[in-house]
Amino acid sequence: MNTQKAVVITTISLILGGLVGYWFYLAAHRYTLINAGSPGVAYQIDRKTGRTWMIRGGVKREQIDPEQEKLINESLTQRLPVEAWAKVTGNAALSGYSGTFSGRLYNGTEWIITRFVIEVKCMEADGSERWTRAFRVDQEIPPLTTEPFSFAVTGQQGDPKFEWSISDLFGRPE
């Protein structure tokens with residue numbers, strides 16, 4: 001019986017010792033440093049989590065996966081406050097020949113606009129409504145900048161009259 005106890009205790013001690021040794025190895029060798037090939041640039045990679053940092057000129061900046069960054073930005077996206085709507089303006093035109101509605105939007109807010117909805121109303125020559133449609137545009141417009149936008153429309157034969165308005169604005173604080 002004493003020999004069996006000794007074997008069990010020795011086996012448990014070896015397993016625990018191996019696990020503790022492996023834990024210390026991981027703690028000491030958790031990060032890998034890779035030369036990027038460019039002078040003064042290196043990457044530090046956390047082997048456990050996969051997080052990566054770019055080190056350039058003594059500055060360490062975390063590198064975020066584009067998909068992860070998109071999820072983070074989407075989680076911060078919200079409808080812009082009503083008082084900000086008056087600061088978003090623009091001009092646009094409907095081309096009856098190319099089937100395109102295009103224009104430029106000025107973001108006069110302190111928000112980064114990430115999505116907007118434009119409602120276009122196409123009218124007949126006599127002023128009656130031909131159709132009204134809402135078009136969602138996923139595009140980032142930084143604060144205090146003007147950016148072009150365009151989207152395809154159908155059902156606008158000829159050179160129709162039209163009205164348009166911004167019916168919804170989404171973004172995130174800068």
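These are my notebook entries on what I looked up in this predicted model.

**Ground rules.** I number residues from 1 along each chain as its sequence is written, and I leave hydrogens and water out, since side-chain values use heavy atoms. Local features need pLDDT of at least 70 and side-chain atom pairs count only at pLDDT 80 or more, while totals for chains, interfaces and linings use all residues.

**Overall layout.** I looked up the secondary structure and found three helices and 11 strands in the chain, where helices (H or I, at least four residues) and strands (E, at least two) are DSSP runs numbered from the N terminus. From the N terminus on, I read the order of elements as α-β-β-β-β-α-β-α-β-β-β-β-β-β. Of the 174 residues in the chain, 28% are buried; buried means under 20% relative accessible area, exposed over 50%, and partly exposed in between (1.4 Å probe, protein chains only). For contacts, meaning heavy atoms within 4.5 Å, I noted that among those with a separation of 6 or more, 56% join residues 24 or more positions apart.

**The core.** I then turned to the largest nonpolar core, which has 22 residues; such a core is a set of buried Ala, Val, Leu, Ile, Met, Phe, Trp, Tyr and Cys residues joined through side-chain atoms within 4.5 Å. Phe-101, Phe-116, Phe-149 and Phe-151 have the most contacts inside this core. At least two core residues come from each of the strands E6 (88-95), E7 (100-107), E8 (111-123), E9 (129-141), E10 (145-152) and E11 (161-173), and E8 gives the largest share, with six residues. Setting aside neighbours within four places in sequence, I listed the contacts of Phe-101, including Ala-92, Leu-94, Ile-118, Val-120, Phe-149, Phe-151, Phe-162 and Trp-164.

**Aromatic pairs.** I found seven aromatic pairs in the structure, counting rings of Phe, Tyr and Trp (its six-membered ring) with centres within 6.5 Å, with planes under 30 degrees apart called stacked, over 60 edge-to-face and the rest tilted. Phe-101 and Phe-149 form a tilted pair, at 6.4 Å centre to centre and 40° between the planes. Since Phe-101 lies in strand E7 and Phe-149 in strand E10, this pair ties together parts that are 48 residues apart in sequence. Both Phe-101 and Phe-149 are buried. The pair of Phe-135 and Phe-151 is stacked, because the ring centres are 4.5 Å apart and the planes are at 25°. Phe-135 lies in strand E9 and Phe-151 in strand E10, so that pair ties together parts 16 residues apart in sequence. I recorded Phe-135 as buried at a relative accessible area of 14%, and Phe-151 as buried at 13%. Ring pairs link Phe-101, Phe-116, Phe-135, Phe-149, Phe-151, Phe-162 and Trp-164 into a cluster.

I checked Thr-114, which lies in strand E8 and is buried, with a relative accessible area of 13%. Apart from neighbours within four places in sequence, Thr-114 is in contact with residues including Thr-77, Val-137, Gln-139, Phe-170 and Arg-172.

**The surface.** The chain exposes about 11800 Å², with carbon and sulfur atoms supplying 56% of it; areas come from the Shrake-Rupley method with a 1.4 Å probe. I also noted Ile-12, which lies in helix H1 (residues 2-28) and is partly exposed, with a relative accessible area of 46%.
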